[in-house]
Amino acid sequence: MNLPLQSHPALYAAFDVYPSAKGAATHIQQAAQTLFDAAGGGLLYVLGNERLPRFQREGAVEILRFGRLLDNYLHRALAYSAELQAVLEDGLQDSLQIAQFRDPWSGIPLVRRATGRYRTIYEVNGLPSVELPMAYPKIGAATLGKIRALEDECLTRADRIVVPSGVIRDNLARRGVAPERVSVIPNGTELNHGHARPEDAPKRYILYFGAVQPWQGLDVLLRALQRLQDIPDLHLVICCSVKSRRAKGYQKLAEKLGVAERITWLHRLNKEELAPWVSNAYISVAPLTECARNIDQGCCPLKILESMGAGVPVIASDLPVVRELVEHRENGYLVAPERPAELARGLRVLLDYPDTVAQMGAAAQRKIAEGLQWSHANAALQQIHVELISGK
């Protein structure tokens, strides 16, 4: 590999681009730093892209990015996994005390070499066997079966499993994972007490931010907006975490629905650029769909947490993963998923009652302050790190 990697006591591995505008990058930053603080340094092994350096060193932390830009997802995943295996065999496995990973592509080389050497944590935020069919509908059943077998091997061999929601815990229990091996640690956020209004922000706007995978339900929101065209000053701001070309289908849908002129599109904002748009929104929208990824697998949407942390209530799909965070009419508003008419009706109610929206926003921010900040999540995670490093 010809890279001057140091010996490290800890490794955090994730098949995700880091840093990036996606919520996964925020989670990686928080969890990896917590791990490295507990262990006294470490190696972060992630995906790169054409703009990121292959290698970085920041004090006791090194970042190694897998840089081959292979178009085929599975080819890239397997090549990423092979490189991690090479890093371990090149000497890292001898110094490791603990390794944490987010996916089977990272996990397989780690759990197969861990016995007697180091402890492992599988951080299950999503499962490729559930999510890949939505991104690649033609993926074969046999391929999915092999991926599921890799996930099961990681679930069986990891010393501890961490999940961000009770729905994911229950899903793993159905796959045979003993509940006592699973720790539920919800995602977190920071309290956002307000930013100056962006100069080009509409006077009153509802906000969608995040990625645009089918399970996010952005099409449902656009169809709801079509039903609100009688409200003259209503605008929708969409802060996409992906390149504009990946949102073209939704932009065409907005034109077809006749709502394009009411929408402001922003792409790949960093955290500092996004925060003012969140804190000045009238309300935030999380129209998650009723699909296997949200219902069976589970998730813990950062867009909901970050909106609540800014004192902006969320109108969201009434799903179990959402009910873990949002209480209807107390700190947010829930509507039936995938029903544009119901989403439009809920938005209309909230637009008519700004005092109620302000009260819900204050309640949402209180809920974050009381137990859903990153400091809460990191403290719980660090306790696991300390236990494993000390051999408990």
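**View 1. Surface of the protein chain.** The accessible surface comes to about 16900 Å². Carbon and sulfur atoms hold 48% of it. Such areas come from the Shrake-Rupley method with a 1.4 Å probe, and for residues only the protein chains shown count as cover. This is a predicted model: local features need pLDDT of at least 70, side-chain atom pairs count only at pLDDT 80 or more, and totals for chains, interfaces and linings use all residues. Residues are numbered from 1 along each chain as its sequence is written, and side-chain values use heavy atoms, with hydrogens and water left out.

**View 2. Fold of the protein chain.** The protein chain has 15 helices and 14 strands. These are DSSP runs, numbered from the N terminus (helices: H or I, at least four residues; strands: E, at least two). Along its principal axes, the C-alpha trace spans about 65 × 40 × 40 Å.

**View 3. Interior of the protein chain.** Of the 392 residues, 56% are buried. Buried means under 20% relative accessible area, exposed over 50%, and partly exposed in between (1.4 Å probe, protein chains only). Take the contacts with a separation of 6 or more: residues 24 or more positions apart account for 71% of them. A contact means heavy atoms within 4.5 Å.

**View 4. T26 and its surroundings.** T26 lies in helix α1, which covers residues 23-39. T26 is buried, with a relative accessible area of 11%. Leave aside its neighbours within four places in sequence. T26 is then in contact with K271, L302, E306 and W374.
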